[in-house]
Structure formats: C-alpha cells, structure tokens
Amino acid sequence: MKITFLGTGAADWDIKTYVHGEEFRRYSSALVDTELLIDAGPHIYHFAENEGCPEILSQVKNAIITHSHWDHFSPKTILRLAENNPGFTLWGDSACLRALQEVLGEAAAVINFVELPIGETHDIGGYNVTAWPASHITRDPQEESRVYIIEKDERILFYGCDSAWIPSRTWNAIMRLKINLMVLECTCGEFAINDWRSFDHNDIKMVENMVDVFRKYKYFAEDVRFVTSHMARELHPDHATVAQSMAAFGVQPAYDGLELEV
Ligand SMILES: [Zn+2]
Ligand SMILES: [Zn+2]
C-alpha cells in the first residue's frame, strides 16, 4: 500500500494565497495507491492540476470520508468524482448524504453513497476498512466523526484527521493491531500549546505524548512510523522547522505530495 498526501493543512489555509513553488498546504486528504481516497475536500483537484499529476484522481473508485467539515468534504468535488469516475462510490456517516442533498439537491442522486457504520469492517475495493470514533464533532448532531483503519496485504494504515487524542473505544479496538503507518492530526503547533482547540484537535505536545506511550509499551508493528497531517497555517512555523522539532520525538510531518509506502 502506498499513501500520497494530497493535502496536509487545516481549515485556515486559503487556496487564493497559493503561489506555485512556495510552501503551501491544501486541506487534508490522502490517496491510498491510486484507487482509495480519504476525504474529498475542495482542494484535491487543485493538487492534481498544480503538482504535475492531472490524472492522479482518474482511477479513484472509492472515497471514505472522516467527517463532513467543509475542509474534508466538498459536495462539488464529490459530484465531479462521481461524474468523471465510472463506478465511483462514497462511504461514510449518513451525515454525508444529508449534506450532499442539502448542497446539491437532485444532482446528489448521481452519487452512489454507502453508509459505513462505526466498528464494521467492509471490503472497499480490496481494502479492509473499519471506521472508529474520533473525538471531533460537526454541526450535524447525529454525525459520528471517524478515524479509519485500512488494511491490505497484511499492512495496516491508521488515518486520524480530525480528532483530539484517540477516544477509548477506538483505542481498545486498535491497540493490538500491527499498525505500520499512523497518520495523526496536529492542528496546533508550537504557536498554540494549551490551546482551546485541543478538545477537538491535537497539538504538538499531545502528539509527542501519544507517540511516547506507543513506543514505551511497543504498541503496533515493529516498523511502525508516525506522520502528522492537518497542520494549521497560523499555528505552526515553516515546514523545515516543524520537521526539525518533530524529529526530536521521531515523528515526520507530511507535506503535500509526500508519498510513503505503508
Ligand atoms: Zn479539518
Ligand atoms: Zn473537522
């Protein structure tokens, strides 16, 4: 399994300020191999069109959605995927369907949506995908925001954007898994320690604490690596500085376009 980061930013990155060649983070999203998309926010085609890979989304068959916040979930982007990619299916909480219908009206009917309940493993295009609760809420009171476990060929990816810490139900479900790559969100960087957002998002100290615990008790696979995404523009310094501070506790911040073998 390969993961490509199409976006690594939180919701405060403004695409209008993008300048080609300058450091920039789009809204967080990732592509597993060429077929499975995690989150379909409004910037994913901007990545394709500006990073020299216009066809990168052309083989996407399924998209799994973490939650319906607009930086992760764009009905217009999803409609474009459904119209361009034959057989495209969208998976997530039923809040996604409500949001599609609210924004797109009748046009939402062309989107094949399948509800993915928490705790059930589904074969999604050859990947075993399980959703577990995130500590993160949206304006839809019935929505269960989620993190994902994605398994293929005995390799396991954890994708956890957005969530503060790991809720105990989720922890109990994942603690014995041989996870090989863990993507943790880190909205709040060194400019926002002990921040009000840390009830819905991680800060850099929370990431350090979690990773220390994982290593102390040898959780997950022997080769497990830790990567951060969903980093806010105003709450982190530049990427090189973030990379240097996270290297001190063995974590790599992702950047748009980073590809990693899981
Ligand atoms: Zn977000
Ligand atoms: Zn969110």
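Q: Which residue follows helix 5, and is its phi positive or negative?

A: Lys-218 follows helix 5, and the phi of Lys-218 is positive, near 55°. Helices (H or I, at least four residues) and strands (E, at least two) are DSSP runs, numbered from the N terminus. This is a predicted model: local features need pLDDT of at least 70, side-chain atom pairs count only at pLDDT 80 or more, and totals for chains, interfaces and linings use all residues. Residues are numbered from 1 along each chain as its sequence is written, while chains are lettered from A and ligands numbered from 1 in the order in which they are written.

Q: What span should helix 5 have, and how far apart are its end C-alpha atoms?

A: The expected span of a helix is 1.5 Å times one less than its number of residues. Helix 5 holds 13 residues, 204-216, and should therefore span 18 Å; its end C-alpha atoms are 18 Å apart, in agreement.

Q: Which residues of helix 5 are buried, and which are exposed?

A: A residue is buried if 20 or more other C-beta atoms lie within 10 Å of its own, exposed if 12 or fewer, and partly exposed in between, with C-beta atoms placed from the backbone. In helix 5, Ile-204, Val-207, Met-210 and Val-211 are buried. These residues cover an arc of only 125° around the axis, which puts them on the same side of helix 5; the arc is that of the directions from the helix axis to the C-beta atoms. Asp-212, Val-213 and Lys-216 are exposed on the other side of helix 5.

Q: Against which strands do the buried residues of helix 5 pack?

A: They pack against strand 11 (181-185) and strand 12 (225-229). Such packing is read from contacts, in which the C-beta atoms of two residues, placed from the backbone, lie within 7 Å.

Q: In what order do the strands of the open sheet stand?

A: Two strands pair if DSSP finds at least two bridges between them. Here seven strands form an open sheet in the order 7-8-9-10-11-12-13, with mixed pairing. Strand 7 (121-124) and strand 13 (252-253) stand at the edges with a single partner strand each, so one side of each has no neighbour in the sheet.

Q: How many bridges join strand 9 to strand 8, and how many join strand 9 to strand 10?

A: Six bridges join strand 8 (residues 127-133) to strand 9, and the two run antiparallel. Pro-133 has Arg-146 in strand 9 as its bridge partner. Strand 9 is also antiparallel to strand 10, to which five bridges join it; Ile-150 is paired there with Leu-157 in strand 10. Strand 9 and strand 10 form a hairpin with two residues between them, and Asp-153 in the turn has a positive phi of about 50°. As for burial, five of the seven residues of strand 9 (residues 146-152) are buried.

Q: Do strand 10 and strand 11 run parallel or antiparallel?

A: They run parallel, joined by four bridges. Gly-160 stands opposite Leu-184 in strand 11.

Q: Which two residues does the cis peptide bond join?

A: The bond joins Cys-161 and Asp-162, with omega about 15°. Asp-162 lies in the loop between strand 10 (155-160) and helix 4 (168-174).

Q: Why does Asp-33 count as partly exposed, and why does Asp-39 count as buried?

A: The count of neighbours decides each case. Asp-33 counts as partly exposed because it has 16 C-beta neighbours inside 10 Å. This residue lies in the loop between strand 2 (29-32) and strand 3 (36-38), and its phi is positive, near 50°. Asp-39 counts as buried because it has 30 such neighbours inside 10 Å. Asp-39 lies in the loop between strand 3 and helix 1 (44-50) and has a positive phi of about 70° although it is not a glycine.

Q: Which residues of the largest nonpolar core touch the most other members?

A: In soluble globular proteins, nonpolar side chains tend to be buried together. A nonpolar core is a set of buried Ala, Val, Leu, Ile, Met, Phe, Trp, Tyr and Cys residues joined through C-beta atoms within 7 Å. The largest one here has 70 residues, of which Val-32, Ala-63, Ile-64, Tyr-148, Leu-157, Phe-158 and Tyr-159 touch the most other members. Not counting residues up to four places away in sequence, the residues that Leu-157 touches include Met-1, Ile-3, Val-32 and Val-262.
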